[in-house]
Amino acid sequence: VLSDEEKRKQYDAYGEEGLKDGHQSSHGDIFSHFFGDFGFMFGGNPRQQDRNIPRGSDIIVDLEVTLEEVYSGNFVEVVRNKPVARQAPGKRKCNCRQEMRTTQLGPGRFQMTQEVVCDECPNVKLVNEERTLEVEIEPGVRDGMEYPFIGEGEPHVDGEPGDLRFRIKVLKHPVFERRGDDLYTNVTISLVEALTGFEMDISHLDGHKVHVARDKITKPGAKLWKKGEGLPNFDNNNIKGSLIITFDVEFPKEQLTPEQREGECSELPRAGKNLAQLIQGL
Amino acid sequence: RRAGSHGGSPSAGSGQQSVTGVSAADDGNSYWQVRGRTAAVCQRGTPVRCGQAIRLTHLGTGRNLHSHRFTSPLSGNQEVSAFGEAGEGDYLDDWTVVCSGMYWVRDDEVRFQHTSTDVFLSVTGEQYGRPINGQKEVHGMATSSQNNYWKVMEGIFMQPSEAFKAERYHAEL
């Protein structure tokens, strides 16, 4: 039962009893409860519109995720300890409501009064129960997306429990900045590298290396576009955004001495010779 | 008693959002999220050490459990309120977890000592009148007593991260 998704939802909402009451053949009540469960992106909750079954409150928890988890996905194990309504001996008053009662005082004279009327229900008590839930962080998930767990919210003695919803909160990353499916990062290169070119590897979120090679002059603020090295798209993990690398050039901190000024100029032709060798090597 | 908050302010005191004790186990307003101290980054699943400072953020209103040098309206102790926006307040939101052993174990009774003023989070039974009839005052007390002890009941608990599990395993070897 627990491995079949449809049956699992039913078990979660109604316990073992729910499985016996016409499971796959969606009849009346049970079907309307699942109407809102197809796709968890719906803003509203259709279940609140049907009848007036009292419902416990929803619990919304921020789930912080790292950019690494957004890239590769992850499973988070969570233990839910919650009060559950369990049968207790005796009866209790339930579904109390105000009703208008008409009493006849005499011929043609009536009085309307308000009365509190209750039903009698089996007694319930709240017992703390625990269960492990697993939240899947899907690759490409965005800030604010929610993963609901039906019935895992607050209980209601006269009705149904509310839902538990995990709301994704993507943490800031020290190296990469996310914009949609694209990733932005800054790399600092030396003045010599900016003039003569360079080669480097950037470590990506899952550890794989992105190779960057330049043989032209790189100006400060220059951007390099690496297609397919961004984040996977949530709706289609096979499509990835781009990685945009912005280069910052580090200038010497102190002023050049007169000797260095001479040396700098004479070093450039040598650098040019090395560059030619580099290109030949490629 | 479960500590809850409802977004209202009592007429006396500092006027900040009130924090009260309620008996009901099914009050959705009693959830507080354990987070790192102000300005700290706390990784999901990291166990809380005894002696570590944390913040308790109210789930419904995004305000932090807070205390300051104001007198509480009913008992004359130090006022405890809910402060801040979207989980960010100030350093008076920090509380040190006082417990024995190395980590805050879920079933243990622990105490929360206000990091800045050293008072302990307590409930001694004074009750509010309207509009929050029967709810008890939660305040800070300088003296330790059995009224300072708190235990986690209902909640959503993140399992320790894989890295921590590995660390525990090695320690036991």
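Which residue in S5(A) is the bridge partner of Phe149(A)? In this predicted model, the bridge partner of Phe149(A) in S5(A) is Leu164(A), and the legends below begin with the strands that carry these residues.

**View 1. Strands S1, S5 and S4 of chain A form an open sheet of three strands.** The order of the strands is S1-S5-S4, and their pairing is mixed. Strand S1 (59-65) and S4 of chain A are the edge strands, each of them pairing on one side only, and from one strand to the next the twist averages 25 degrees. Between S4(A) and S5(A) the pairing is antiparallel and runs over four bridges. Strands of a sheet pair through backbone hydrogen bonds, in either a parallel or an antiparallel sense.

**View 2. Phe149(A) and Phe166(A) are an edge-to-face pair.** Over all chains, the structure holds three aromatic pairs. For Phe149(A) and Phe166(A), the ring centres lie 5.7 Å apart and the planes stand at 90 degrees, which is why the pair counts as edge-to-face. Because Phe149(A) lies in strand S4 (residues 146-149) of chain A and Phe166(A) in strand S5 (residues 164-170) of chain A, the pair ties together parts that are 17 residues apart in sequence. Phe149(A) is buried, with a relative accessible area of 17%, and Phe166(A) is buried as well, with a relative accessible area of 0%.

**View 3. Phe198(A) and Phe247(A) form an aromatic pair that is edge-to-face.** The distance is 5.4 Å centre to centre, with 65 degrees between the planes.

**View 4. An arginine lies over the face of an aromatic ring in chain A and in chain B.** In chain A, Arg179(A) lies over the face of Tyr184(A), at 3.8 Å from the ring centre. In chain B, Arg106(B) lies over the face of Phe157(B), at 4.1 Å from the ring centre.

**View 5. Chain B contains twelve strands and one helix.** Read from the N terminus, the elements of chain B run β-β-β-β-β-β-β-β-β-β-β-β-α. Of the 173 residues of chain B, 43% count as buried, while the chain exposes about 8,700 Å², of which carbon and sulfur atoms supply 49%. Among the contacts in chain B between residues at least 6 apart in sequence, 55% join residues at least 24 apart.

Key: Residues are numbered from 1 along each chain as its sequence is written. Chains are lettered from A and ligands numbered from 1 in the order in which they are written. This is a predicted model: local features need pLDDT of at least 70, side-chain atom pairs count only at pLDDT 80 or more; totals for chains, interfaces and linings use all residues. Side-chain values use heavy atoms; hydrogens and water are left out. Helices (H or I, at least four residues) and strands (E, at least two) are DSSP runs, numbered from the N terminus. Buried means under 20% relative accessible area, exposed over 50%, partly exposed in between (1.4 Å probe, protein chains only). Contact means heavy atoms within 4.5 Å. Accessible areas come from the Shrake-Rupley method with a 1.4 Å probe; for residues, only the protein chains shown count as cover. Rings of Phe, Tyr and Trp (its six-membered ring) pair if their centres lie within 6.5 Å; planes under 30 degrees apart count as stacked, over 60 as edge-to-face and the rest as tilted. A charge sits over a ring if NZ of Lys or CZ of Arg is within 6 Å of the ring centre and within 35 degrees of the ring normal. Two strands pair if DSSP finds at least two bridges between them. Axes are lines fitted to C-alpha atoms, for helices over the stretch in contact, and angles run from 0 to 180 degrees between N-to-C directions.
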